[in-house]
Amino acid sequence: MKQIATGSVDSRVMIWNMKPQMRAYRFDGHKDAVISVHFSPSGHLVASASRDKTVRLWVPSMKAESTVFRAHTATVRSVNFSGDGQTLVTASDDKTIKVWTTHRQKFLFSLNQHINWVRCAKFSPDDRLIVSSSDDKTIKLWDKNSRECIHSFYEHAGYANYVDFHPSGTCIAAASTDNSVKVWDIRSHKMLQHYKVHSGVVNSLSFHPAGNFLITASSDSTMKVLDLVEGKLLYTLHGHQGPVTCVAFSRTGEYFSSGGSDEQVMVWKSNFDCAEFSDGVRLQHKTASSSQTPTATSTTHFPLNSHTSVLHSKTSDPAQQFKRQDSQTAAHTQSYRQIGIQSRASHSHANGSLSISSSTAHQTQTQSLPQHSPQGQAQSRASDGGIPPGLANTLEHIIGQLDILTQTVSILEQRLTLTEDKLKECLENQMEIGLHLQRSEEA
């Protein structure tokens, strides 16, 4: 995992570099909240959608260059790259879905059959289809070439906030305002699975690249990991202090990230059983009987016993807050927090989104965590390799302390840079005041 892109109600797009020594990029350009962001498959471009009715295409570098796409007449709620990176699909409160070319940076065509706000639109893995969800309580499947709606799935209790294709391209999953998650077969048009595991609105979801797992984010402040092969809830994740508004797996599935209304972006290590990844995609073979939902008592919790190792910094550049987990917990998280000083607006994710770029492998700065069985029992890899448990624990502790030192040095370097920037800003302000006084005297 190389970078994470986030969008927020402060109208900014942030690109977070996973290496501690690298600074984050802050992109200013939108005039209102950024609701959706997405990396291109190559990781060389980032698209963002905003309440200011525009879509921007960014080059994730220090220059913060962007191209503005204008065709929607209302808030743009979703943006998504095609698998080949050549086209974009956007969804808007103007009740339309629009498709754009990224190469020529032009509007191509519009899909217009929804009768209320369109919350989300996604390309299928083979780029032949588009799926969309709307406040009109329908989920529509479109043929990109013919530009026609080929089927509509109907939501009766609520509408779908978010929808996406299974990696196999044979199924879709929808996150609904009725607190449920539904999985549909796009060939038979039948519901395969129906999960009622949240106590609040489900805001987002993401399929693991292997296709066997689905993670969901909800306003009940939790995330749920669902086993699609067994049709059951595996884990409940706690970490955010408030609604979890977005979640996304990295391209390899080794990591996933989440954003919430608590102004936090958390990076989690999946730590799923690798043997389960090789089982392949078997979701389409499940029958309707697998749609039985687990009760709340069947959940297995990931207890977050994190320790903050750096301080927050209220600056115009983001400070990084790394949270370390105890070696007995089932997932590792890193969290990032930003508070903008110039706009006086917190980088809240109440209406935000995130996307992960994995064009290069990321070497994590923390100790390797053990793989976990679905029952959450830790199995020490060091012990399996013949290293005495006491020595393994000591080595993990040393590595953890070195990581904390590395992160602390990185933060100190950032603060030094920020202090220099602030000093420069003060000097410029002083010069401006001097010039203003001089002009006043001359007048």
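How many helices and strands are there in the protein? I began my notes with this question, and I found three helices and 32 strands. I keep in mind throughout that I am looking at a predicted model.

**Overall figures.** I looked up the burial next, and of the 443 residues of the protein, 54% count as buried. The protein exposes about 19400 Å², and carbon and sulfur atoms supply 51% of that area. I also noted that, among contacts with a separation of 6 or more, 52% are accounted for by residues 24 or more positions apart.

Is strand β16 enclosed or open to the outside? I found that six of the six residues of β16 (residues 160-165) are buried, so this strand is largely enclosed by the rest of the structure. Strand β17 (residues 171-176) runs antiparallel to β16 and is joined to it by five bridges, and I wrote down that F165 has I172 in β17 as its bridge partner. The two strands form a hairpin with five residues between them, and in the turn G169 has a positive phi of about 80°.

**Salt bridges.** Side chains of opposite charge can pair when their charged atoms come close. I counted nine salt bridges in the model. In one of them the side chains of R119 and D135 meet at 2.7 Å, N to O. R119 lies in strand β12 and D135 in the loop between β13 and β14, so the pair ties together parts that are 16 residues apart in sequence. Both of these residues are buried.

I then looked at D126 and R128, whose closest N and O atoms are 2.9 Å apart in a salt bridge; D126 is partly exposed at 43% relative accessible area, and R128 is partly exposed at 46%. D178 and K182 form a salt bridge at 3.3 Å, where D178 counts as partly exposed at 25% relative accessibility, whereas K182 counts as buried at 8%. I also recorded a network of salt bridges that links R12, R26 and D28.

**A nonpolar patch.** Last, I looked at the surface, where L391, L395, I398, I399, L402 and L405 form a nonpolar patch with about 540 Å² of accessible area together. L405 is found in helix α3 (residues 389-442), and this leucine counts as exposed because its relative accessibility is 54%, over the cut-off of 50%.

Conventions: Residues numbered from 1 in each chain as written. Predicted model: local features only at pLDDT ≥ 70, side-chain atom pairs only at ≥ 80, totals over all residues. Heavy atoms only, no water. Patch = residues over 30% accessible without salt bridge, like charges linked within 9 Å, V, L, I, M, F, W, Y side chains within 5 Å. Areas by Shrake-Rupley, 256 points an atom, 1.4 Å probe, with all protein chains shown as cover. Salt bridge = Lys/Arg side-chain N within 4 Å of Asp/Glu carboxyl O. Helix = DSSP H or I, 4+ residues; strand = E, 2+ residues; numbered from the N terminus. Buried < 20%, exposed > 50% of the residue type's maximum accessible area, 1.4 Å probe, protein only. Contact = heavy atoms within 4.5 Å. Pairing = 2+ DSSP bridges.
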